[in-house]
Amino acid sequence: MKKNFIYALSAVLIWSTTASLVKLLLSDIPNMEAMAISCILSTVFLLIVNIITGKIKLMKSYSLKDYAIMVGLGFIGLFVYTVLYYFGIDNLTAQEACVLNYLWPIMLVAFSCIILKEKLTLMKAVAMVCSFVGIVILSLGDGALPSGNAALGIASCITCAACYGLFCVLNKKYDHDQGIAMMIMWGVTGVCSAILGPLTEEWVMISAVEFAGLSWLGIAINAIGYLIWALALQGTENTAKIANLAYLTPFLSIIVSAVFLKESLKLNALIALVFIIGGILLQNIVVKKRK
């Protein structure tokens, strides 16, 4: 369990840079182009890792059905998710998009109860609600009702949260080797982006600085972050406990956004932190008492 927490916390720290980085990149690079380049880098990196570790040989052991499942999961859980999330980031502030995206741990636990038949105890529910209250506080802002592209951005982030929550559960259920599975899934995302991109937008030349940003997005955030998060979920019997750690990401993302994007850090963010950390601690205390 300790290893699972290290994996999960490492993923959280890496993911905290996502919203700010993507917001910066999408100001100059079309969405699909950014996705295509970063996902191809993810795939190549994971291919090299699988070759070095010898896991590439496992590909012979999978059936066509296994590959169909991995392709389907990659399309729904990574391609569709990323398209919707990038659209949300493009039409909202980095803070708002990240906050709404982090409905997915709630979706993850809900789908775990439905699909994996994990038990939803009262204390699990209380811990989830406590953390989610923090997310709601973060999203209050000035209280103005969204309109136009902002409303579509909100809808996109909520939908992408459902996609990723479902993806995490199904990925755990089918239990493929995550190094191989993530390589194929990011490959699917890269191919779909490369095909649809030129048809829907005008691509541009990438500068060295932008390529460095896309490399961090593709290798650190996509390949490493998603892989170690999948490993954390795959190795635990308590999905809700690991999922609650993900609530740290929006707060850390707000700090990163304040530093790099000069987005204001408000009092409601600090109040939300109390609820977010409270939900995580409550879940951990409950588990320790049972032990």
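**View 1. Leu120 in its loop.** Leu120 sits in the loop between α6 and α7 (122-139), with helices taken as DSSP runs (H or I, at least four residues) numbered from the N terminus. This is a predicted model: local features need pLDDT of at least 70, side-chain atom pairs count only at pLDDT 80 or more, and totals for chains, interfaces and linings use all residues. Residues are numbered from 1 along each chain as its sequence is written, and side-chain values use heavy atoms, with hydrogens and water left out. Leu120 is partly exposed, at 45% relative accessible area; buried means under 20%, exposed over 50%, and partly exposed in between (1.4 Å probe, protein chains only).

**View 2. Who Leu120 touches.** Skipping neighbours within four places in sequence, Leu120 is in contact with Val109, Cys113, Ala125 and Met128, where contact means heavy atoms within 4.5 Å. Ala110 is 10 residues away along the chain, and its C-alpha atom is 8.3 Å from that of Leu120.

**View 3. Trp15 against Tyr164.** The whole structure has 13 aromatic pairs. Rings of Phe, Tyr and Trp (its six-membered ring) pair if their centres lie within 6.5 Å; planes under 30 degrees apart are stacked, over 60 edge-to-face, and the rest tilted. Trp15 and Tyr164 have ring centres 6.4 Å apart and planes at 85°, so they go down as edge-to-face. Trp15 is in helix α1 (residues 2-15) and Tyr164 in helix α8 (residues 149-174), so this pair ties together parts 149 residues apart in sequence. Both Trp15 and Tyr164 are buried.

**View 4. Trp104 against Tyr164.** Here's another edge-to-face pair: Trp104 and Tyr164, 4.9 Å centre to centre, with 90° between the planes. Trp104 belongs to helix α6 (residues 104-115) and Tyr164 to helix α8, 60 residues apart.

Note on methods
Helix = DSSP H or I, 4+ residues; strand = E, 2+ residues; numbered from the N terminus.
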